[in-house]
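Q: I have a new structure open and would like a short walk through it. Can we take it step by step?

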Amino acid sequence: MIEVELKVRVRDPEGVAHLLEQRAAGRSEIYRDTYYDTADGTLAREDRELRLRTITGPGGTRSVLTYKEPRVDDASGSKPEHETGVDTPEAVHAALSGLGYVAAIAFEKHCHNYDFGSRGRRMLATLVRVPELDGTFLELETLAKGDELGTALDDVRAVLSELGFTEQDVTTELYTEAVAARRAR
């Protein structure tokens, strides 16, 4: 499956949260993300991602290992994604380290998630604040098969439009790159 996602910069977080609350009850979670790569940066060069995420929220704490293939759409950055739950994140870290991967960057995201249906699809809208970065972002995603990518992107764009966003609000800036740039200052 492809994670079909668009990310926008949010100028009015409270207003957007109000619109999303009309679609679904939100839940606050903190994501602690560690991105792994080879020592020479092969995964990043090839536009692939290997991430261990630990999520803490009202339901407790859980961890997920995600591998993302290279993007299949440059405008959105949408990528095929493979994900699995992890019972012991420390064991995954040890396994990845033993295989030669290094923790390339780690950071925290403060998220407010809204799960809802629209246009016959399950959608996840996430209001995101990364403490190290300025501003608030909204990620809107759905899953689709490869031959549904265009239609799924149209559906995501339509929901963003309903929330008051335009194509000019869309950003393909990666949190990993933005956090790395901020830390390099």
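Q: In what order do the elements of the protein chain run from the N terminus on?
A: The order is β-α-β-α-β-β-β-α-β-β-β-α-β-α. Helices (H or I, at least four residues) and strands (E, at least two) are DSSP runs, numbered from the N terminus. This is a predicted model, where local features need pLDDT of at least 70, side-chain atom pairs count only at pLDDT 80 or more, and totals for chains, interfaces and linings use all residues. Residues are numbered from 1 along each chain as its sequence is written, and side-chain values use heavy atoms, with hydrogens and water left out.

Q: How many helices and strands does the protein chain come to?
A: The protein chain has five helices and nine strands.

Q: What radius of gyration does the protein chain have?
A: The protein chain has 16 Å, which agrees with the value near 16 Å for a compact globule of 185 residues. The radius is taken over C-alpha atoms, and the globule rule is 2.2 Å times the number of residues to the power 0.38. The C-alpha trace spans about 45 × 35 × 35 Å along its principal axes.

Q: What share of the residues is buried?
A: Buried residues make up 45% of the 185. Buried means under 20% relative accessible area, exposed over 50%, and partly exposed in between (1.4 Å probe, protein chains only).

Q: OK, the core. Which residues touch the most other members of the largest nonpolar core?
A: Leu20, Phe116 and Leu138 do, in a core of 25 residues. Such a core is a set of buried Ala, Val, Leu, Ile, Met, Phe, Trp, Tyr and Cys residues joined through side-chain atoms within 4.5 Å.

Q: Which elements supply at least two residues of this core each?
A: They are strands S1 (2-10), S6 (102-118), S7 (121-129) and S8 (136-144), plus helices H1 (13-21) and H4 (149-162). H4 gives the largest share, six residues.

Q: And what is Leu20 in contact with, leaving aside neighbours within four places in sequence?
A: Leu20 is in contact with Tyr114, Phe116, Ala125, Leu127, Leu138 and Leu163. Contact means heavy atoms within 4.5 Å.

Q: Switching topic: where does Gly59 lie?
A: Gly59 lies in the loop between strand S3 (49-57) and strand S4 (60-68).

Q: Does Gly59 count as buried or exposed?
A: Gly59 counts as exposed, because its relative accessibility is 86%.

Q: How far apart are Gly59 and Arg27 in space?
A: They are 9.6 Å apart, C-alpha to C-alpha, and 32 residues apart in sequence.
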